[in-house]
Amino acid sequence: MSSRNDAIKKVLSFVKENEIKFIDFKFMDFPGQWQHFTIPAVHFSEDTFEDGLGFDGSSLRGWKTIDSSDMLIIPDPETMFVDQFIEAPTISLICDVYEPATKEKYSRCPRNIAQKAESYLKSTGVADTAFFGPEAEFFVFDDVRYESAPNTAFYYVDSVEGQWNTGSDEGPNLGYKPRYKEGYFPVPPTDSLMDLRNQMVLNLMDAGLNVEAQHHEVASGGQCEIDLLFQPLLKQADNLLKFKYIVKNTAKMAGRTVTYMPKPIMNDNGSGMHVHASLWKEGKPLFAGNGYAGLSESAMYFMGGILKHAGALLAFTNPTTNSYKRLVPGYEAPVRLAYSQSNRSAALRIPLYSNSPKSKRVEFRCPDPSANPYLAFAAIMMAGLDGIQNRIDPGEPLDKNIYDMDPEELKNVPSTPESLNAALRALADDHEFLLKGDVFTEDVIKTWIDYKFDREIKPMALQPTPQEFALYFDT
């Protein structure tokens, strides 16, 4: 409690000393979008951290009904950062969501689920910290338009880098356009986004994030990646939300737009979010050992748990209908549930960049950046932990280029679900591992499945697409 009190005093002192005018409170809705509201700093005090602030929970996706809509947010003083994108001096605080009648944390609050996951891990005695390092890829576009109506449906995205613009009259067109699937690491001028990514990194660092590297990604049309150094589960989920917020707003200030949509461009690579994970106990890494690729027995079982529960996991790590347009053969997205060292065609990769025990980790390559990080990281940890608890054997490694294997070789290698519908059905059938320690609840699982079916899958099934007109109009 003393550390929390110290953090509160630090926030209040910062507000006073830096003449902060507004306090912005950010919190996560159920599907995975940051929400916020703001108060003048004159109404901000130590009591805010005790009493919280009320809001209408019925207006948030997947939460309350209107007849029981009152909710509270209480800010976490450890999460303060200066919001660089607001004209008046403003700080932001990430909040937890509470039931006002009981002052208990709301069971559908994603941040609460991540907190319960960390507590459950400690209670097992297996480990006390789960570290995560996400690599959230994104596209930078210069123009985005879309419409979906009863009589029309279209989308249009454009990028000065798009290979499709080699013949455009740009007055003048300078011709440097990354070829499809050849955008990985070309120097400027082909990489036209270097200065923008550097500004993103500077803004991220100003907000307290530890950035490891930035670079252009494989796809044409402005695909990029900025990597964060690993952090504990909850902190990294908080960081990833700050990351997306800062990257999007930095792009907007430059007259551009960023999307974390997994597959915005046809016939080129989509955006993934490869997630590096490891368990530690008492300051020591648990995944280093003398086994395959230098892994410990715990690491092998951790992989066994992920592979066993992968179908259900993808309902959280790949939670959109668009996610499964990325998870197809031929675009460097893993669709086969296997593990291998230094092999990016497998769902689980063991990086071999360093022999240090501290760097020994498992990379889950299926997830994408549309995921709610609190739910995705918690689910990955729970699956891996279930593997350790039940000594789930991951089988033999698949040390081949899976993309080049013939169907006969692949017939016994399981695949990822082919649609969000299939992933949700897998979650409905396999979620007992998520209920341990009351981390996820039956209500959370049911609400997630129902929301996705009602708000995403059903509307998509009803909407004719331009491609269907191209295929079937002359029938």
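Let's start with Tyr 155, which lies in strand 9, residues 152-158. Strands are DSSP runs of E, at least two residues, and helices are runs of H or I, at least four, numbered from the N terminus. This is a predicted model, where local features need pLDDT of at least 70, side-chain atom pairs need 80 or more, and totals for chains, interfaces and linings use all residues. Residues are numbered from 1 along each chain as its sequence is written, and side-chain values use heavy atoms, without hydrogens or water.

Is Tyr 155 buried or exposed? Exposed, because its relative accessible area is 54%. The cut-offs: buried is under 20%, exposed over 50%, partly exposed in between, with a 1.4 Å probe and protein chains only. Leaving aside neighbours within four places in sequence, Tyr 155 is in contact (heavy atoms within 4.5 Å) with Arg 145, Tyr 146 and Pro 264.

Next, Ser 370. Ser 370 sits in the loop between strand 18 (362-364) and helix 9 (373-389). Neighbours within four places aside, Ser 370 contacts Tyr 260, Pro 262, Pro 319, Thr 320 and Ser 323. Its C-alpha is 19 Å from that of Phe 230, 140 residues away along the chain.

Last, the second largest pocket. Its lining has 14 nonpolar, 10 polar and 15 charged residues. Here Asp, Glu, Lys and Arg count as charged; Ala, Val, Leu, Ile, Met, Phe, Trp, Tyr, Cys and Pro as nonpolar; the others, Gly among them, as polar. Which strands each supply at least two lining residues? Strand 7 (129-141), strand 10 (211-216), strand 11 (223-228) and strand 14 (273-281).
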